[in-house]
Amino acid sequence: MSMVLFASVVRVADGLPLSASTDYEQEKDLQETKRHLKGLSKKLGQFPDRCTLKSGPYNVNFIYSLGVGYLMVCTGNYPNVLAFCFLDELQKEFIITYDTKRISSAMRPYSFIEFDTFIQKTKQRYNSPRSLSTKINLADMQTEIKLRPPYQLSPEDLQAINGFSVRAASKYKGIAPTQMLEPATLPGIVSCVLSILCGGLNLLRGVHAIESILQNDDEDFNYVIAFFLGTAACLYQCYLFAYFSVWRNSKSFLAFALICLSNMYLYELRNVWQILFHVAVGAFMTLQIRLRQPLGKAPDYNV
């Protein structure tokens, strides 16, 4: 029989459990899967915001948004669409019921245990599919999953999560992997090369500025700082393009702003075309960072 067996709500930042469904099941495989879920809840931010994991005869599914994660365990034959509809309902109700400040200030585990009532009622509904026909729109979720399918976690993805024991033989040992990005495109590679070039030019000019200061005390040391800040911003944009990071788009925009400010300060040492070149490369790099999304995630054009 296909059914939802367990669900929980956790804070993404530290894995603090906020609420969970009452557990009556003592089956050994299920208890082991729940131990996996507990370890996973502490590392949600390392994975895409919609994932699924096969754990023996069960599936673990989760989503997270606005700093809160929603996890569930269901039987392996439970429909994927229904599973994510269930999680989506939990998310909408939790966001409406509790404000962000209260969630972030929670200190004790299960501070919102009263939400268990809603979890239990929703679980009962989703374990009786006939009662769902007029209450949820499966077509919308089917379309969303088709356009943005959940990321399939493997035992290797979870190898180094504390408290996680996987049965499959591991091919490697090490830290849990960070979220993977889509393959780099040609424009992205070109923008990265140009950004490195701009960083190198800034570094070279900064070294020459230091030499001028040593020879002439009247030189402005702030020019050196501006050149080196421009170098750091260009190289940091390359890093953001190559690796996943939390608030990646916001960080790339701040790096671009730093490039603009440093070039504005250096207007006496550069002509208009040089300044436009550095700013254009920074803007192009910022765009490519925003376009290169994590695997399994639809493009997000919000900073």
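**Buried cysteines, helix packing and a nonpolar surface patch**

Cys85 counts as buried at 6% relative accessibility, where buried denotes under 20% relative accessible area, exposed over 50% and partly exposed in between (1.4 Å probe, protein chains only). The model is predicted, so that local features need pLDDT of at least 70 and side-chain atom pairs count only at pLDDT 80 or more, whereas totals for chains, interfaces and linings use all residues. Residues are numbered from 1 along each chain as its sequence is written, and side-chain values use heavy atoms, with hydrogens and water left out.

Cys238 takes part in no disulfide, and the nearest cysteine sulfur, that of Cys192, is 3.6 Å away. Cys238 is buried, at a relative accessible area of 10%.

Helix α6 spans residues 186-215; helices (H or I, at least four residues) and strands (E, at least two) are DSSP runs, numbered from the N terminus. Ser191 is found in α6 and is buried, with a relative accessible area of 0%. Apart from neighbours within four places in sequence, Ser191 is in contact (heavy atoms within 4.5 Å) with Phe284, Met285 and Gln288. Leu203, also placed in helix α6, is partly exposed, its relative accessible area being 42%.

In helix α4 (residues 116-126), the buried residues are Asp116, Ile119, Gln120, Thr122, Lys123, Arg125 and Tyr126. These buried residues of α4 pack against β1 (4-11), β2 (17-20) and α2 (80-97).

Note on methods
Disulfide = S-S within 2.5 Å.
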